[in-house]
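Please view the sequence and the model together before reading on.

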Amino acid sequence: MKKRTDKRQWFEQYLQTLRVKPGKKVNLRKDFATDYDHKSLTKEEGEILLKEGLEHVSQMQDKLYAQDKYSVLIVLQAMDAAGKDGAVKHVLSGLNPSGVKVTSFKTPSKEELDHDYLWRHYKALPARGEIGIFNRSHYENVLVTRVHPEYILNEHIPGINSVKDIKSSFWEERYKQINRFEKNLIDNGTIILKIFLHVSKDEQRKRFIERIDNPEKNWKFSVADAQERQHWDAYMQAYEEMLAATSTKEAPWFVLPADDKWFTRLCLGAVLTFEFEKLHLAYPAVSDATRKQLQEIKTALLAEEQPAKKKSKQS
């Protein structure tokens, strides 16, 4: 038991090294590994911790719903084949699906493009007592569009008539807009957990080949995935600038190593566990008057049982 407690403490400290410090420049290659040392924790130990963590998260989800004060938004971003879908599936295995809303944001529709870029994300936010998961998110608007600025032209923004009009100040302002958007959510009771699954280029290559070789996984692969891989360095730069500009004290980014799927899922489960604990969730307390009413109802219900037993004996 002591060994497990020690492992938990080690893991909690380790998670802090995965948090992006606000205002600090980010170099993904130097600052964050895509794998872990494979010495501090075995897969068996990790599976035990993950199971315990998900059970704890499940209990806290119940309190979250009962308290009806907070909502939780989990933002997932990653390169293709980093394991977002598997991570979501694993997290959901420990939660009550009726209280979880998963939204995967694809290419914006015409209707969505006729509104500001945050409009469709507002619509998908979780209500109080609920957990929302954005599988890709509003951050696509400073990632995909940063690598492909021509997509911005589809938004019909006043003053942006060509790619040449999109200066560095445009992206700086967009980061500020996102920070204001999240600050407003936080001020109104939404807890935001932002997760970047950090997979290496070599591991992505292996997973792409696996998807091509396995007929049952062919559907997961598209020509567009291979095309986007050609922009790897541009994406890494976009992620570094985005992480540095939008990781705040209230809504920090966590960069989770994603080359080993079981360890990624353990990290995600642990982030949820430790961040949930900070909310000090509890079931709502009832008044003395309500307790008295409950006891009166209980007494009446128990009294219903007596005649039924007498009737059974007589027969």
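The sections below treat the basis of the model, its salt bridges, a pocket and a surface patch.

## Basis of the model

This is a predicted model, in which local features need pLDDT of at least 70 and side-chain atom pairs count only at pLDDT 80 or more, while totals for chains, interfaces and linings use all residues. Residues are numbered from 1 along each chain as its sequence is written, and side-chain values use heavy atoms, with hydrogens and water left out.

## Salt bridges

Side chains of opposite charge can pair when their charged atoms come close. A salt bridge is counted where a side-chain nitrogen of Lys or Arg lies within 4 Å of a carboxyl oxygen of Asp or Glu; the count comes to 16. One of them joins D80 and R136, at 2.8 Å from N to O. This pair links distant parts of the chain, 56 residues apart: D80 is in the loop between β1 (71–78) and α4 (84–92), and R136 in the loop between β3 (131–135) and α7 (144–147). Helices (H or I, at least four residues) and strands (E, at least two) are DSSP runs, numbered from the N terminus. D80 is buried because its relative accessible area is 19%, and R136 is likewise buried at 19% (buried means under 20%, exposed over 50%, partly exposed in between, with a 1.4 Å probe and protein chains only).

Other pairs lie within a single helix. In α8 (residues 168–187), D187 and K183 are four residues apart, about one turn of the helix, and their side chains meet at 2.9 Å, N to O. D187 is exposed at 52%, whereas K183 is partly exposed at 40%. In α9 (residues 201–213), D202 and R205 are three residues apart, with their closest N and O atoms 2.9 Å apart in a salt bridge.

## The second largest pocket

The lining of the second largest pocket comprises 13 residues, and L28, R29, H198, W232 and M236 lie nearest its centre. Helix α11 supplies the largest share of this lining, four residues; α2 (28–31) and α11 (232–246) each supply at least two.

## A nonpolar surface patch

V286, L294, I297 and L301 form a nonpolar patch on the surface. Such a patch joins nonpolar side chains (Val, Leu, Ile, Met, Phe, Trp, Tyr) within 5 Å, from residues with over 30% relative accessible area and no salt bridge; like charges are joined within 9 Å. L301 is in helix α13 (residues 288–314) and counts as exposed, at 51% relative accessibility.

Conventions: Areas by Shrake-Rupley, 256 points an atom, 1.4 Å probe, with all protein chains shown as cover. 1 Å grid on protein atoms, 1.4 Å probe; cavity = no way out; pocket = protein on both sides within 12 Å on 5 of 7 lines; lining within 4 Å.
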